[in-house]
Amino acid sequence: MSEKLWRKNLINIEPYVAGEQPKNDKIIKLNANENPYPPSPKVKAILEGKTIAELRKYPSADASVLRAALAERVGLKSENVFCGNGSDDVLATAFRAFFNSDKPILYPDITYSFYPVWCELLKIPYKTKSVDDDFVINIEDFKEPNGGVVIPNPNAPTSLGVGEKFIRELLENNQDSIVIIDEAYVDFGRYSCVELVKEYDNLVVTQTFSKSRSLAGMRVGMAFASAELISYMQAVKDSYNSYPLDQIAIETAVASLSDEDYFKATVEKVKATRDRTAKKMREMGFNVLDSETNFLFAQHEKLSAKEIFTYLRENGIFVRYFNKPRIDNFLRITIGTDEEMELMLEKLSEICK
Ligand SMILES: *Cc1c(COP(=O)(O)O)cnc(C)c1O
């Protein structure tokens, strides 16, 4: 058989690998940064009030009700908000819309592993910048000419965040390119740069309902940016799919936003469990980074990450292990309920003995 040209030209992509989704309910699942608590009771009320006949109709094309609710929450206008099927979809749309220069885009070497996947898929040149031995991002690395910048704040899987000074310096030094700040974990952190959208017309901030709002299964994400940038993202989106969010996703997301008390209480619970767990792990000889997220990034002084990962797994506790340079002796552990974390700590103390 002769070699087909189209086959030779096939893009050689390595898709993103998500945390395993085991079928067994008894598994304690701390490997995908999901929220251990259910979404707001207001979300439940929406779902229970649904009639099947409603599914007949197409959803709103631009999720206008949700965009208005989001805009109000952060003090912007609807024209400053874009919604997509999870922030992965929102980020991919932004990459497509804004990263089209011959110059490489820049991002940290230790970061969300979806970025290289999109760059390969969309043929975007990129260059990674090494974080230091403590996984801290050096602002000086992001002052060279580039085709765009993307940084998660707080970063994943390191769990470390940067403050306003860093973000402002980044924006000041990159006025000719688009800067995307991926705030997937921001609700567990200390600083969101959404406010800066009013000041910088080259800033795109992405967030999600997947983590702090317990709606990962619903796929709702958003971007905040100048009206001009949002219009480009909407144009890209409408060029291949004119109905980004389904009707149920839109309504449940709006319901979630309407329950600020529940949202705050859940986030505070996760943060308290996180800080308690980190303290106990440090007492067992772990180096635990100062997390601003709903997960811990940790390394043991003697035991290998692989060994601990395997032991936990044999005991029905799934955490995330990345077999990658620089981080292959670290574990990423999602914060579960207090009960789940107690069980995990018990297993850790067994293997640390
Ligand atoms: C989880 C995550 C996302 C995307 O989550 P969605 O469920 O697609 O909204 C984006 N960026 C980072 C850094 C994440 O960890």
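This briefing describes the ligand site of a predicted model and the annotated domain of its chain. Local features require pLDDT of at least 70, side-chain atom pairs count only at pLDDT 80 or more, and totals for chains, interfaces and linings use all residues. Residues are numbered from 1 along each chain as its sequence is written, and side-chain values use heavy atoms, with hydrogens and water left out.

**Ligand shell**
- The residues surrounding the ligand (a heavy atom within 4 Å) are G86, S87, D88, L91, Y112, D182, A184, Y185, T208, S210, K211 and R219.
- Helix 4, residues 86-98, supplies the largest share of this shell, with four residues; helices are DSSP runs (H or I, at least four residues) numbered from the N terminus.
- The shell comprises four nonpolar, four polar and four charged residues, with Gly counted as polar and Tyr as nonpolar.

**Polar contacts (N or O pairs within 3.5 Å)**
- A backbone N or O atom of S87 is 2.6 Å from a ligand oxygen atom.
- The side chain of S210 places an N or O atom 2.6 Å from an oxygen atom of the ligand.
- For the side chain of K211, the corresponding distance to a ligand oxygen atom is 3.0 Å.

- On its own the ligand has 390 Å² of accessible area, of which the protein covers 93% (Shrake-Rupley method, 1.4 Å probe).

**Annotated domain**
- An unreviewed UniProt entry carries the annotation "domain: Aminotransferase class I/classII large" for residues 26-348; such annotations may be inferred rather than shown by experiment.
- Over residues 26-348 the chain is 37% helix and 15% strand (E, at least two residues), with the end C-alpha atoms 18 Å apart.

Definitions and conventions: Polar contact = N/O pair within 3.5 Å; in protein donor to acceptor, adjacent residues only side chain to side chain.
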